[in-house]
Amino acid sequence: QGTNRDLDAAITWLNRAAEVGDIQAAYLLSVALTERARPGDMDQALLHAQTLLENMEAGRAEEEADAFGETSRDFILINTQLCALYQKLGRMPEAIAACDTAREISERAFGRNALTGQAHANLAVGLGAAGRFADALAANETALSIFAGLGEEE
């Protein structure tokens, strides 16, 4: 608060932290590069996001095949970042697949919570951008249903 954002400085520091294996820094580096969007930044953002996901999946290989455990949020965030990157690059099938993966993980790990509602909303954006309007509408309706039910007591 009270300071100007400096994406160049942030990218420099996040890159250093990502190089030593900080997962959060690698994720934020991909986000910052996407936001800065200079020539070459999108390719670098995609590379960091894909590498991070591959490393996370390799680490998960030791766990139960379909369990995400404590890393669920990280998998959701990085797949959501990949979805946004693929959309910006016009790679809609990959964008939809990444958004759908985030949605699937969120549903399995957390059920009908705000993160799952957002995953459905993100999927709807990708589906709409791909011209799959009926599917996008269904995903938006599911998101709305989830968000509407969050205030209800069970």
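Trainee: Why does cysteine 99 count as buried?
Mentor: This is a predicted model. Buried means under 20% relative accessible area. Cysteine 99 has 2% relative accessibility, so it counts as buried.

Trainee: What makes cysteine 83 buried or exposed?
Mentor: The cut-off for buried is under 20%. Cysteine 83 is at 2% relative accessibility and therefore counts as buried.

Trainee: How do you know that a disulfide joins cysteine 83 to cysteine 99?
Mentor: A disulfide requires cysteine sulfur atoms within 2.5 Å. From S to S, cysteine 83 and cysteine 99 are 1.9 Å apart, and a disulfide joins them. The structure holds 1 disulfide. The pair links distant parts of the chain, with cysteine 83 in helix α4 and cysteine 99 in helix α5, 16 residues apart.

Trainee: Why is the disulfide of cysteine 83 and cysteine 99 called left-handed?
Mentor: The torsion about the S-S bond is about -75 degrees, so the disulfide of cysteine 83 and cysteine 99 is left-handed.

Trainee: What makes up the pattern of the protein chain along the sequence?
Mentor: The pattern reads α-α-α-α-α-α-α. The protein chain has 7 helices and 0 strands.

Trainee: Which residues touch the most other members of the largest nonpolar core?
Mentor: That core has 35 residues, and those touching the most other members are Leu29, Leu52, Ile78, Leu82, Leu85, Tyr86 and Leu127. At least two residues of this core come from each of α1, α2, α3, α4, α5, α6 and α7.

Trainee: What is isoleucine 78 in contact with, leaving aside neighbours within four places in sequence?
Mentor: Isoleucine 78 is in contact with Tyr27, Ala49, Leu52, Leu53 and Met56.

Technical notes:
Residues numbered from 1 in each chain as written. Predicted model: local features only at pLDDT ≥ 70, side-chain atom pairs only at ≥ 80, totals over all residues. Heavy atoms only, no water. Core = buried A, V, L, I, M, F, W, Y, C linked by side-chain atoms within 4.5 Å. Buried < 20%, exposed > 50% of the residue type's maximum accessible area, 1.4 Å probe, protein only. Helix = DSSP H or I, 4+ residues; strand = E, 2+ residues; numbered from the N terminus. Contact = heavy atoms within 4.5 Å.
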